[in-house]
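Let us read a protein model together, one feature at a time. Look at the picture, then follow the dialogue.

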Amino acid sequence: MAAAGSGFEDPPADVLAEAAAAFGLLASPARLHIVWALAQGESDVTGLAERVGGALPAVSQHLAKLKLAGLVRSRREGRRQVYFVDDPDVVDVVRLTVARLTDRGAAADAPARRLRGL
């Protein structure tokens with residue numbers, strides 16, 4: 001179905017639902033920080049917990065949710081699991097969003113206040 005006057009097709013409902021679920025998972029600052037950290041390179045849960053300042057069990061739970069959603073994957077290296085982002089498009093979205101908000105925040109603090117009310 002085309003959007004009125006735009007010339008673009010509306011995505012199917014299942015695609016919108018999947019996108020909303022992905023954004024919902026990334027709505028948690030802790031999970032967003034984990035994805036941001038993994039976008040910079042692979043890590044085990046201990047390294048991620050140190051980097052994001054979270055407790056090991058909490059980071060493990062966040063990773064489990066991100067893994068179930070297909071946003072991150074892991075592989076075994078000896079006795080440890082190494083996590084990485086499974087979807088390069090998610091990395092692009094996270095990097096772009098964080099960069100834009102960082103740039104805006106450097107110019108003025110207004111965007112953060114504006115987003116909190118939504």
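The dialogue below moves from the overall layout to single residues.

Q: What should I know before I start?
A: This is a predicted model, where local features need pLDDT of at least 70, side-chain atom pairs count only at pLDDT 80 or more, and totals for chains, interfaces and linings use all residues. Residues are numbered from 1 along each chain as its sequence is written, and side-chain values use heavy atoms, with hydrogens and water left out.

Q: How many helices and strands does the protein chain have?
A: Start with the rule. Helices (H or I, at least four residues) and strands (E, at least two) are DSSP runs, numbered from the N terminus. Here the protein chain has 6 helices and 3 strands. Their order from the N terminus is α-α-β-α-α-β-β-α-α.

Q: What share of the protein chain counts as buried?
A: Buried means under 20% relative accessible area, exposed means over 50%, and partly exposed lies in between (1.4 Å probe, protein chains only). Of the 118 residues in the protein chain, 25% are buried.

Q: What share of contacts joins residues at least 24 apart?
A: A contact means heavy atoms within 4.5 Å. Take the contacts between residues at least 6 apart in sequence: 45% of them join residues at least 24 apart.

Q: Which residues touch the most other members of the largest nonpolar core?
A: A nonpolar core is a set of buried Ala, Val, Leu, Ile, Met, Phe, Trp, Tyr and Cys residues joined through side-chain atoms within 4.5 Å. The largest one has 20 residues, and Ile34, Val35, Leu38, Leu48, Val59, Leu63 and Leu66 touch the most other members. Two or more residues each come from α1, α2, α3 (45-52), α4 (56-68), β3 (80-85) and α5. The largest share, 5 residues, comes from α2.

Q: Which residues does Val59 touch?
A: Set aside residues up to four places away in sequence. Val59 then touches Ile34, Val45, Leu48, Ala49, Val52 and Gly54.

Q: How much space lies in the largest pocket?
A: First, the method. On a 1 Å grid over the protein atoms alone, a pocket is an open set of points where a 1.4 Å probe fits, with protein on both sides within 12 Å along at least five of seven lines; lining residues have an atom within 4 Å of a point. Grid points are joined across faces, edges and corners, and a volume is the space filled by probe spheres set on the points. The largest pocket holds about 350 Å³. Its lining includes Phe23, Leu26, Pro29, Leu32, Val94 and Leu101. The elements giving two or more residues to this lining are α1 (13-26), α2 (29-40) and α5 (88-107). The largest share, 6 residues, comes from α5.

Q: Which classes of residue line the largest pocket?
A: Ala, Val, Leu, Ile, Met, Phe, Trp, Tyr, Cys and Pro count as nonpolar; Asp, Glu, Lys and Arg count as charged; the others, Gly among them, count as polar. The lining of the largest pocket has 9 nonpolar, 3 polar and no charged residues.

Q: How much space lies in the second largest pocket?
A: About 240 Å³. Of its 13 lining residues, Glu18, Ala19, Ala22, Leu71 and Val90 are the closest to its centre. The largest share of the lining, 7 residues, comes from α1. By class, the lining has 10 nonpolar, 1 polar and 2 charged residues.

Q: Is Ser74 buried or exposed?
A: Ser74 counts as buried because its relative accessibility is 17%. Ser74 is found in strand β2 (residues 72-77).

Q: Which side chains make a polar contact with the side chain of Ser74?
A: A polar contact is a pair of N or O atoms within 3.5 Å; within protein, one must be able to donate a hydrogen and the other to accept it, and residues adjacent in sequence count only if both atoms are side-chain atoms. The side chain of Ser74 pairs in this way with that of Lys67 at 2.6 Å, and with that of Gln81 at 2.9 Å.

Q: Where is Arg75?
A: Arg75 is in strand β2. Arg75 is partly exposed, because its relative accessibility is 31%. A polar contact of 2.8 Å joins its side chain to that of Glu77.

Q: Is Pro88 buried or exposed?
A: Pro88 is exposed, because its relative accessibility is 58%. Pro88 is placed in helix α5.
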